[in-house]
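Please read them with the coordinates open.

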Amino acid sequence: MVDLKGQYEGIKDVVNESIQDVLETTAFVNGPKVHQFQRNLENYLGVKHVIPCANGTDALQIAMMGLGLKPGDEVITADFTFAATVEVIALLNLTPVLVDVEPDTFNIDIEAVKKAITPKTKAIVPVHLFGQCANMEALMEIAKEHDLYVIEDNAQGIGAKYKYSNGEEVMAGTIGHVASTSFFPSKNLGCYGDGGAIFTNDDDLAHIMRGVVNHGMYERYHHDVVGVNSRLDSIQAAVLDAKLPHLDTYNRARRNAATKYNAAFVSHPNIITPKTTNGELDETYEYHVFHQYTLKIIGTDRDALAKHLNEKEIPCGVYYPIPLHRQKAYLDSRYREEDFTVTNRLVKEVISLPMHTELDDEQIDFITQTVIDFVNNN
């Protein structure tokens with residue numbers, strides 16, 4: 001699904017030099033490389049504060065801790081996403097409220113969010129699924145009306161832009177009150193282990209979260225807030241700082257691959273390509289970074305297609321095969337199946353094809369023809 005080795009080969013001299021510098025200085029935790037990457041990412045995103053941490057799941061948890069959410073507070077998020085989003089809500093003894101998603105963008109459904117708000121609701125967590133922003137303009141209006149926090153889960157959307165209805169453009173992860181991201185190796189900006197970060201333009205919130213990530217300390221052995229141990233180590237920061245200047249190029253390569261996938265599938269009635277907001281894909285398109293390239297397969301056995309692709313040694317993934325509201329850990333009598341009609345359908349239809357910076361035309365042709373041949377014959 002990803003070609004990390006191929007990507008590494010293109011930047012190995014810079015990466016190796018950056019890692020070697022950490023080894024020689026032995027500044028392994030909270031060293032200069034971490035602060036350098038933090039500043040460079042702040043400049044790239046145009047955000048006031050980046051707080052690096054150990055992983056994307058921690059980033060979500062720290063954001064919620066920083067906002068002061070209390071046990072019993074309700075947090076609305078999407079049913080169709082990875083479990084980490086709801087996991088941290090449960091870990092903090094908050095109350096997860098899962099809602100359905102849009103059938104074409106796969107992002108959280110705005111009308112479902114409105115219906116889910118109660119007096120106990122304190123926050124909304126939109127997930128920028130597969131690399132495209134949720135409808136943040138509408139969500140921020142809802143949050144303002146009901147005095148709610150918005151926590152962007154930007155684990156899959158780093159480098160994407162969002163366009164407001166007035167034409168203004170901002171970077172994903174800089175719109176809500178706070179945002180989280182993951183630097184897991186397969187992400188668009190990935191390190192060589194685990195890593196994450198939190199973004200905010202709120203000075204006071206940034207101060208709180210900087211204490212939370214470091215055992216609640218601002219001064220050594222003075223614990224002012226309840227914290228956790230969640231720091232981005234210097235070697236991972238060195239890798240990320242070496243890759244950050246290439247992020248836009250990497251994302252353009254993903255969009256280029258998506259364009260070729262789309263062209264191959266465009267006329268097939270049983271293969272539904274990803275919807276992009278704010279226009280059609282071209283070399284200037286910046287609103288979808290295609291962390292995943294996800295099709296909907298209609299009228300054909302999706303699981304049989306996945307098996308066929310694997311037999312042809314073509315990697316594929318089903319993101320996600322089970323809705324969160326049906327996961328054993330998150331079962332709740334409040335949930336009704338009729339409230340999740342889109343998600344329940346998507347889990348049977350979606351399949352993600354290889355998507356990375358090293359895809360070439362020969363690979364794309366082989367992948368697309370294999371998919372088309374199977375669907376035509378089944």
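Helices (H or I, at least four residues) and strands (E, at least two) are DSSP runs, numbered from the N terminus. The model is predicted, so local features need pLDDT of at least 70 and side-chain atom pairs count only at pLDDT 80 or more, while totals for chains, interfaces and linings use all residues. Residues are numbered from 1 along each chain as its sequence is written, and side-chain values use heavy atoms, with hydrogens and water left out.

1. Overall fold. The protein chain has 12 helices and 14 strands. Its radius of gyration is 21 Å, close to the 21 Å that the globule rule gives for 378 residues, so the chain is as compact as a globular protein of that length. The radius is taken over C-alpha atoms, and the rule is 2.2 Å times the number of residues to the power 0.38. Along the principal axes, the C-alpha atoms fill a box of roughly 65 × 55 × 40 Å.

2. Of the 378 residues in the protein chain, 54% are buried. Buried means under 20% relative accessible area, exposed over 50%, and partly exposed in between (1.4 Å probe, protein chains only). Contact means heavy atoms within 4.5 Å. Among the contacts with a separation of 6 or more, 71% are between residues 24 or more positions apart.

3. Surface and charge. The protein chain exposes about 16,700 Å², with carbon and sulfur atoms supplying 48% of it. Accessible areas come from the Shrake-Rupley method with a 1.4 Å probe; for residues, only the protein chains shown count as cover. There are 33 positive and 53 negative side chains, and the centres of the two sets lie 3 Å apart. Lys and Arg count as positive and Asp and Glu as negative, with His and the chain ends not counted. Each charge is placed at NZ of Lys, CZ of Arg, CG of Asp or CD of Glu.

4. Cysteines. How many disulfides does a search of the whole structure find? The search finds zero, a disulfide being a pair of cysteine sulfur atoms within 2.5 Å. For Cys-53, the nearest cysteine sulfur is that of Cys-191, 11 Å away. That distance is too far for a bond. Cys-53 counts as buried at 0% relative accessibility, and Cys-191 counts as buried at 1%.

5. Backbone exceptions. Most residues other than glycine have a negative phi, and most peptide bonds are trans. Tyr-319 and Tyr-320 are joined by a cis peptide bond with omega of about 20°. Tyr-320 is in the loop between helix 10 (302–311) and helix 11 (341–349). Glu-313 lies in the loop between helix 10 and helix 11 as well; its phi is positive, about 60°, although it is not a glycine. At 72% relative accessibility, Glu-313 counts as exposed.

6. Phe-290 has a positive phi, near 45°, and sits in the loop between strand 12 (271–272) and strand 13 (293–297). Is Phe-290 buried or exposed? At 0% relative accessibility, Phe-290 counts as buried. Phe-290 is one of the residues touched by Gly-131, and others include Gln-156, Ala-160 and His-288. Gly-131 is found in the loop between strand 4 (121–125) and helix 6 (136–146), and it is buried, with a relative accessible area of 0%.

7. Leu-23 is in helix 1 and counts as partly exposed at 39% relative accessibility. Leaving aside neighbours within four places in sequence, Leu-23 is in contact with Phe-28 and Ile-235. Val-29 is in the loop between helix 1 (4–25) and helix 2 (32–45). Val-29 and Ser-234 are 205 residues apart along the chain, and their C-alpha atoms are separated by 5.6 Å.

8. Asn-154. This residue lies in the loop between strand 5 (149–153) and strand 6 (161–163) and is buried, with a relative accessible area of 0%. Beyond its neighbours within four places in sequence, Asn-154 contacts residues including His-128, Ser-180 and Phe-199. Asn-154 and Arg-334 are 180 residues apart in sequence and 28 Å apart in space, C-alpha to C-alpha.
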